[in-house]
Amino acid sequence: MNGVHDMGGMDGFGKVEPEPNEPMFHTEWEGRVLAMVRAMGAAGAFNIDTSRFYRETLPPLVYLSSSYYQKWLLGLEDLLIDKGYIAASEVAAGHAVEPAKPLKHGKFTLDDVERIMVRGKFGRTAPAPARFKPGDRVRAKNIHPATHTRLPRYARGHVGVVERDLGCHVFPDSAATESGENPQWLYTVVFDGAELWGAEADPTVKISIDAFEPYLEMA
Amino acid sequence: MTDHHHHHHDHDHSELSETELRVRALETVLTEKGYVDPAALDAIIQAYETKIGPHNGAQVVAKAWSDPVFKRSLLEDATKAVSQLGHVSRVGDHLVAVENTPQRHNMVVCTLCSCYPWEMLGLPPVWYKAAPYRSRAVKDPRGVLADFGVSLPKQTEIRVWDSTAETRFLVLPMRPEGTEGWSEQQLAELVTRDSMIGTGFPKTPGAAS
């Protein structure tokens with residue numbers, strides 16, 4: 001979706017402000033939110049792409065004015081309500097009222113903690129041979145899906161070169177809407193700065209994205 | 001003006017409490033419904049606070065600086081190379097290490113959200129997840145580096161890696177001069193988090209002592 005989360009190339013957000021000796025969490029509740037998101041995802045309430053999609057669909061003003069973990073909290077609430085795990089009235093009351101909906105992998109317990117500290121695997125068996133190979137000139141398609149996509153707007157319509165074949169992966173555009181994993185080939189595609197930002201761009205800059213095969217066409 | 005200021009202060013304060021209450025309410029609901037064990041949530045937080053962090057990435061970088069065979073395998077397949085190191089927590093799939101050279105500087109961003117190599121670097125800092133970095137890193141990387149007080153020679157190529165899929169990128173910075181004969185442990189102390197994102201350099205031997 002063409003949301004405010006797709007920030008690459010936007011102007012006006014000001015300077016980057018690193019915080020010296022930044023703590024891992026700025027308040028105790030941030031850690032609770034992170035833990036709830038990880039736990040409910042691991043218990044099977046949602047996949048990582050769906051959770052990203054819910055944060056992206058927060059109203060633009062909310063997205064821009066909320067802190068990172070506030071976005072996680074709001075996205076988690078919306079997602080769990082939409083999928084029927086909790087009711088809005090329960091969150092408002094602060095207590096469970098409705099019966100629980102069974103989780104795909106059951107309750108998240110202490111025994112599950114270790115496995116979520118290892119990154120998930122997103123590689124899948126390829127349903128078809130790869131269409132592109134390193135060195136191919138490809139154009140990022142001019143597409144504007146209304147749902148989740150990982151093709152940033154700044155790359156659309158532009159020509160780059162395939163640098164790496166990263167194998168076949170879960171396709172986030174499908175997984176986010178729970179339409180299946182629909183595995184697709186994934187490539188690192190490199191663009192010249194001038195191709196993306198015009199003739200005035202810094203000639204020493206190159207930008208790469210990791211692009212799924214359905215995002216690309218031969219240039 | 002004073003009234004205005006007071007109003008804002010109260011407003012901010014109550015907003016923070018609202019969030020805290022909301023988080024507590026959600027956790028109570030999830031617990032009462034039998035979805036999560038609160039002790040497991042404690043354990044997740046504790047694991048993030050103790051097990052992951054830039055020290056993991058620093059060990060990998062220091063080893064690559066000391067051991068050319070490891071460096072080659074790291075650049076070829078970082079997931080495989082790192083998983084063979086017993087002392088670093090398991091990294092999972094899809095890790096790619098990219099090497100800085102005098103000709104090329106690498107910098108990592110996630111313009112769409114906050115993708116970051118957690119197992120190597122810990123949880124990302126606020127600036128990495130915030131709009132200024134996400135918006136400008138791909139369009140004006142030299143300007144972003146200036147915000148960090150970093151400047152590169154004019155002719156150095158800058159390669160920005162936008163983490164748009166599940167691939168995670170670790171920058172292998174250049175080994176500082178004057179570190180001949182240093183142990184991996186000594187070298188690891190020079191490796192900063194930002195040097196592995198590409199928004200900084202490793203510490204130099206003089207500055208570290």
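I started with chain A, which is split into domain 1 (28-116) and domain 2 (137-218); the bounds come from an automatic or database domain assignment. Taken over C-alpha atoms, the centres of the two domains of chain A are 29 Å apart. Six residues from domain 1 of chain A and six residues from domain 2 of chain A make the contact, where contact means that C-beta atoms, placed from the backbone, lie within 7 Å. On the domain 1 side I found one nonpolar, two polar and three charged residues. Here Ala, Val, Leu, Ile, Met, Phe, Trp, Tyr, Cys and Pro count as nonpolar, Asp, Glu, Lys and Arg as charged, and the others, Gly among them, as polar.

A note on the source: this is a predicted model, in which local features need pLDDT of at least 70 and side-chain atom pairs count only at pLDDT 80 or more, while totals for chains, interfaces and linings use all residues. Residues are numbered from 1 along each chain as its sequence is written, and chains are lettered from A and ligands numbered from 1 in the order in which they are written.

Next I looked up helix 2 (residues 48-56) of chain A. Eight of its nine residues are buried, so helix 2 of chain A is largely enclosed by the rest of the structure. Buried means that 20 or more other C-beta atoms lie within 10 Å of a residue's own, exposed means 12 or fewer, and partly exposed is in between. Helices (H or I, at least four residues) and strands (E, at least two) are DSSP runs, numbered from the N terminus. Among the buried residues are D49(A), F53(A) and E56(A). They pack against helix 1 (28-42), helix 4 (68-82) and helix 7 (172-175) of chain A.

Then I turned to where the chains meet. In all, 64 residues of chain B are in contact with 67 residues of chain A. Helix 1 of chain B gives the largest share of the chain B side, eleven residues. That side divides into 33 nonpolar, eleven polar and 20 charged residues. Strand 4 (residues 205-212) of chain A and strand 3 of chain B run parallel, joined by five bridges; two strands pair if DSSP finds at least two bridges between them. There, V205(A) stands opposite I158(B).

My last entry is strand 4 (residues 168-172) of chain B. Five of its five residues are buried, so this strand is largely enclosed by the rest of the structure. R168(B), L170(B) and L172(B) point one way, and F169(B) and V171(B) the other. Strand 4 of chain B pairs with strand 1 (residues 95-99) of chain B in the parallel sense over five bridges, and L172(B) is the bridge partner of E99(B).

Note on methods: Two residues are in contact if their C-beta atoms, placed from the backbone, lie within 7 Å.
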